[in-house]
Each structure stands twice: as C-alpha cells, then as structure tokens.
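I am opening this entry to record what I looked up in the structure, going from the chain as a whole to one helix pair.

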Amino acid sequence: MNHIVEKINPINVPTPLSNPASPETISSIRGLNGEMSYALNGRPDCSGFVATSQHHVNSNTTNGDAKFANEALKQFHECDNKGFTHYQHIPGKTKLVCVCDSSWKNLNEKYSQGAYMLLLCEDKPGQCGGVCHILDFSSKKSGRVSKSSLSAETLIVNRGSEVSQRTARWLREIEEGAED
C-alpha cells in the first residue's frame with residue numbers, strides 16, 4: 001500500500017484555524033480521509049489518527065480539523081516500517097482472539113465509533129504474551145444509532161464476532177480441506 005500512500009497529498013488549510021470550515025474545505029477533508037482509509041490496509045498503527053480525523057467531520061468542523069487531517073497523513077509518510085510485511089512463524093497451537101471496543105457518540109455526533117482487531121496468537125495456557133499476528137482490523141462509525149454505550153459495544157462485538165467466525169471457518173478449511 002506504500003505506493004498509494006506516496007500519491008496522497010495534503011490539503012490546503014485555511015486560516016484562522018478556529019473559523020468554521022467552508023463546504024470546500026469539508027469536502028477536501030472528506031476526500032483526504034477517504035484516501036487514507038483506503039491506504040489503511042496493513043497499517044493499523046495509523047488507524048487511530050484516521051478514525052479521529054473522520055470523527056472531526058461534523059456540523060462543527062473547523063479549519064483546524066483540516067490541519068489535523070494533514071497531521072494524520074503525516075503519520076503515513078513518516079513511518080519507516082513501510083507497513084507490516086514480516087510474519088514470524090508460530091510454532092505449536094494457535095488461538096484466534098478478537099478485541100473489540102467502542103466509544104459512544106458525543107453530543108455533536110449521531111453515530112458511535114467502533115473498532116475490532118482480529119489476532120492469531122500463540123496458545124500458551126497460563127502465560128501472557130508471545131507471537132501474535134494481526135489478521136484483520138477495522139475502525140469506523142457505526143451504521144446504526146446507539147442510544148447507550150452498551151448498545152454501541154454490542155454493535156461492534158457483533159461485527160467482530162462475524163469476522164471471527166468467518167476467519168475461523170477459513171482457517172479450518174485450510175487445515176482440513178473444504179466441505180463439499
């Protein structure tokens with residue numbers, strides 16, 4: 001994905017930063033956020049910045065939010081690891097772990113933000129740590145309105161569960177062969 005990141009350019013930031021953003025600036029922020037979202041594959045280290053930048057686009061968007069979007073893009077350009085490409089072999093048994101979290105909407109928002117990370121880890125009963133690989137991750141606004149933090153958490157756990165079950169099935173088919 002680095003070839004995509006290299007083609008993403010920062011947007012113009014009008015001043016003063018505290019002024020409300022014009023429709024053109026909001027459109028530019030949305031465009032930059034969309035390009036960064038596409039480039040997130042393999043870059044979970046930058047997903048928090050992109051999700052926060054996406055969260056800033058609302059009825060109270062300011063010129064300072066355009067500056068923040070450029071700072072999120074800077075994280076892509078300055079990272080020297082060029083994404084995650086090396087996977088260490090996991091000896092022995094493995095387990096699939098899905099970590100989910102959600103933040104309930106604030107006063108200015110209608111939707112909550114939810115994220116999950118699907119991990120393939122060493123299975124070491126009684127021990128913490130070991131080799132771990134990120135198989136999938138997602139951070140985005142919920143598609144449904146949540147009336148409480150419990151419902152926001154339930155929505156993301158549901159999404160994480162669906163991904164976990166599908167991935168577990170794929171891993172079983174790789175190991176044992178597909179059923180007819």
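Among contacts in the chain between residues at least 6 apart in sequence, what percentage join residues at least 24 apart? I looked this up in a model that is predicted, and the share came out at 69%.

Next I listed the secondary structure, for which I found 5 helices and 3 strands in the chain. Following the sequence, I read their order as α-α-α-α-β-β-β-α.

I then turned to burial and surface, where 31% of the chain's 180 residues count as buried.

I checked how helix H2, spanning residues 23-38, packs with helix H4, spanning residues 63-78, and I noted an angle of about 20° with the axes 10 Å apart.

Which residues of H2 meet H4? On the H2 side I listed Thr25, Ile29, Leu32, Asn33 and Met36, and on the H4 side Asn63, Asp65, Ala66, Ala69, Asn70, Ala72, Leu73 and Phe76. Sorting the contact of H2 with H4 by class, I counted 8 nonpolar, 4 polar and 1 charged residues.

Conventions. Residues numbered from 1 in each chain as written. Predicted model: local features only at pLDDT ≥ 70, side-chain atom pairs only at ≥ 80, totals over all residues. Heavy atoms only, no water. Axes fitted to C-alpha atoms, helices over the stretch in contact; angles between N-to-C directions. Helix = DSSP H or I, 4+ residues; strand = E, 2+ residues; numbered from the N terminus. Contact = heavy atoms within 4.5 Å. Nonpolar A, V, L, I, M, F, W, Y, C, P; charged D, E, K, R; others polar. Buried < 20%, exposed > 50% of the residue type's maximum accessible area, 1.4 Å probe, protein only.
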